[in-house]
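Reader: I am new to this one. Could you show me the structure and then take my questions?

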Amino acid sequence: MEFNSRVPSGPIENRWENHRFEMKLVNPANKRKYDIIVVGSGLAGASAAATLGELGYNVKCFCFQDSARRAHSIAAQGGINAAKNYQNDGDSIYRLFYDTIKGGDFRSRESNVYRLAEISLNIIDQCVAQGVPFAREYGGLLANRSFGGAQVSRTFYARGQTGQQLLLGAYQALQRQVAAGRVEMFTRTEMLDLVIVDGHARGMVVRDLVTGEIHSVAAHALVLATGGYSNVFFLSTNAKGCNVTATWRAHKRGAAFANPCFTQIHPTCIPQAGEYQSKLTLMSESLRNDGRIWVPKKAGDSRRPKDIPEEDRDYYLERIYPSFGNLTPRDVASRRAKEAVDAGRGVGENRGGVCLDFRDAIQRLGQSVITERYGNLFDMYQQITGENPYEIPMRIYPAPHYTMGGLWVDYNLMSTIPGLHVIGEANFSDHGANRLGASALMQGLADGYFILPYTIADYLARTEETAVDTDHPAFKRTEQEVRERVQRLLNVNGTRSVDSFHRKLGELLWNQCGMARDASGLQDALAKIPEMREEFWNDLLVSGAGKEFNQELEKAGRVADFFEFAELMCRDALDREESCGGHFRVEHQTEEGEAKRDDENFAHVSAWEFTGVGHEPVLHKKPLEFEYVNLTQRSYK
Amino acid sequence: MQITLNVWRQAGPRALGRFERYTAKDVSPHMSFLEMLDVVNEELIEAGKDPIAFEHDCREGICGSCGMVINGVPHGPKPAITVCQLHMRSFNDGDEVWIEPWRAKAFPVIRDLVIDRSALDRIIEAGGYISVRSGSAPDANAIAVPKSIADTSMDAAACIGCGACVAACPNASAMLFTAAKVAHLSKLPQGQPERQQRVLNMVEQMESESFGYCTNHGACQTACPKEISIDFIAYLNRELLTATLLG
Amino acid sequence: MGRILRLYRSSVGKKAVMGVTGLLLFGFVVVHLAGNLKVYLGPASFNSYAEFLREVGAPVFGHSEILWIGRSVLLVALVLHVAAAIQLWLMARAARPVNYRRPVHLEDTYASRTMRWGGAIIFAFVLYHLMHLTWGNAHPAFVPGDPYHNLVRGFQSLGASAAYIVAMIVVGFHIYHGVWSSLQTLGVNQENHERWRRLSAFIAAAIVIGNISIPVAVLTGIVQ
């Protein structure tokens, strides 16, 4: 497996510019001769497809939803970071770069992160010009807020619907190219495999989700923008359809998977209410600005939270982290909540949550101020739980939310398979071991609008142009494999539904590869996953047929891939004998219970090579070099 | 609780549909409506029957995928939410519930409660955008937008494209959807250059998609999970009249 | 003209035509009511008003010329109003080939739901009204040139008065939704459509009460 990170050298602030100059261009007249496939229509996919179409390429864009506008980027609430320094509070490209590297616990590439911070400026310009209705001040200029504990106000937002508005901007740009005939949009179409011809990614096999028809699509280059894999846990804040299939199938065809154990758990979600629960709902992190987090001091306290007197409450974040208090970073807040619940000090259904209490804030500021700040969130909470958070403390618990791991890419966002580019959450990206709040939207759009459209040209220009069509034997072979696999899912004809398997897998991973991991738990999971996978393939029951609209069949294929992927995630977590960011190994913590990095042995990206289902994958360690940032231990005391 | 469900089952666009009766037993009031359907589906699957097909994705009221008419009301009895945000505590033990897909000629049924809403995408395609080449935008603060205009534009932009407005309209009209996008873009200074062409093209596309027309009932704004106002329809009307007569 | 034809091709344009013609007809209803109310000032005042309508515009215009121009405008408006209504109704019917099991009326009012049937009833009423008090062929004792007599004598019949009262209520509903809806369609309400809705409810009520008061006054003997 060949890794060439293509990271430019020289002063960091000139690297992207120099690199852009060094990259080859495609002659404007030749662009229309190139077909490019974009899989996924979220922020990254839609912005890339729109931009490539506008540049003159022939773009085919695919999504499994009924419209490009439904991709899960739409659910991002908080905002998007950019180093505009409009607030004159000392922000700069370099500070955003530094914060991102540090927030990621020093497990990302300096060059990539610097480029991201640089491009953040263009993103806001682009989105405003597209008509994204960002919040404004009375003078008509853009408003900003501080987000996720950042010390500068660099977050741009559109009420609590920033992801929606940015995605609609990209979606509209995409529809414009559809109308112009530059992009052909295939909705309700799922990528089921990648086709490699002579070592290059040259197409894919898809299933039309309405007719069930399986067919191939050929292109000169592919772009995967298929999001993250949080749904491996079954319960997560991701949309139900989010899956690992596209990236996993690419991995099986030779794309290295990097840092799969880097998952982010969001601390403020509504706890699970019962066994039937289908997903978890995120409550904006901003609630921690005014809410106080606590649990009963005594385990098993059966009083209603409201009735527990002050002296029997443990405001554990304020106690442990007096200076950051309730605003400690996501990973720390999440882990501490888990500790409390594991100790039997949780509240609510199955003692599965901790209190987020607004009593004091309401007393201090008055109910109307709280309503103004969080009214819609309180309504949403009440809608879901049936409890009034103005009177009863909210119950929250962490939930899987974002995955920093993904397919390994070089500086050009190309995977280890020539021609296969990976953007947005799907790549292993710029967030290291932990992503800062309001940075996911930034990365998706940076990749799609401003990086990939340049770098893909370099690949196309450097590669000898070969006409490929779907009659090539590689396509026929892959198509056949996909058909067999689909048929296999239908043929099991066992007794259990897809969801019942997925729930079990999720439970195992959440307990043993979730917020806190240890060697014995991971080894146990690694032993159990193949057994569960075996059971899945022996006892699965998918109703209906292959050649029709069949939602169970769609799910079955995705869960089958999660079963394979889960093993890699656990293996990576076991291999990474350190704690960093979202990856917390119980064996590696300081005396105060904080994550303890091991920069000597683990300042690298773990890129895994697939060798067969059930076979030990090959690990390639790609060292991370830090020329600009000093590696320090994070401290929030 | 126990709920009796009458669900519209239809094998395909051209197949004949009918209501089928199911019983949801042991329903917890904490369940969402879709989770209740999940449980019914699990039972159907394990009994070797076809589960009820329904569209859903984010299950937090923003993606716009879900949508069904419950007892005649799009997204069910509670205002300002999508069906995925509806919880079973809004129902009583023993209730009988009728579930139907959005019904409109422009939204053909794909299966059961799943419909084809691509007509809405085509309306956006016709002009629901501001043409900006990636990378050619001026500095974001170069264009000042009065706060009140940004806020109104955001009110309109909140549309999730679920189609409940069409489903609720006695005439199956897509005016609220179209008006929301026209208003979102045309109220902003950035949207001015394409203002007239946008409204003309979008309305023309809307009409070619077999939607009905607007009789100003206001059912759409009541059904809208994002509470988008029909004031935007008045805005669209004026924009269209101006563009056609004076443009 | 090309622009208007282009406008008419769209449903919004047809609605605008309905709005403009509707407002025109509404204006006629208001003026008509003002004239009707002269009945309270006695036969002389009422009949001279009727005569004035025929002489208005003199000497530039001849006898009844202005009246006929007015009638023509109203007739054209009526034809356009009805034609657009029928075209739009067909469009709406096609837009939902399969209806809900039991459609629920969200927010829409009785008035908004009865625009189509209400319109048809009003059309029939207008014909009756013309035959009754203009042409006289549906009147028991019609005296050409003495509208006051015709009105009082006509309304002394309980059946005729009842028909007028019912029709006025239908007209009231039609005006309530129609006026507000026209303003919406013509894009006059930019925000706060509720305010316009309340205003048109008030106007509609005033018209109904004003018109109904006349047969009631005749039946109770206030006007003789």
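Reader: Which domains does the assignment give for chain B?
Author: The bounds come from an automatic or database domain assignment. This is a predicted model, where local features need pLDDT of at least 70, side-chain atom pairs count only at pLDDT 80 or more, and totals for chains, interfaces and linings use all residues. Residues are numbered from 1 along each chain as its sequence is written, chains are lettered from A and ligands numbered from 1 in the order written, and side-chain values use heavy atoms, without hydrogens and water. For chain B, the assignment gives domain 1 (3-111) and domain 2 (118-245).

Reader: How many residues does each domain of chain B give to the contact?
Author: The centres of the two domains, taken over C-alpha atoms, are 29 Å apart. Contact means heavy atoms within 4.5 Å. By that rule, domain 1 of chain B gives 17 residues and domain 2 of chain B gives 19 residues.

Reader: How many salt bridges does the rule find across that domain interface?
Author: A salt bridge needs a side-chain nitrogen of Lys or Arg within 4 Å of a carboxyl oxygen of Asp or Glu. Across the interface of domain 1 and domain 2 of chain B, the count is 0.

Reader: And what is the count of salt bridges between chain A and chain B?
Author: Here 75 residues of chain A touch 76 residues of chain B. One salt bridge joins the side chains of B:R117 and A:D66 (3.2 Å, N to O). Between chain A and chain B, the count is 6.
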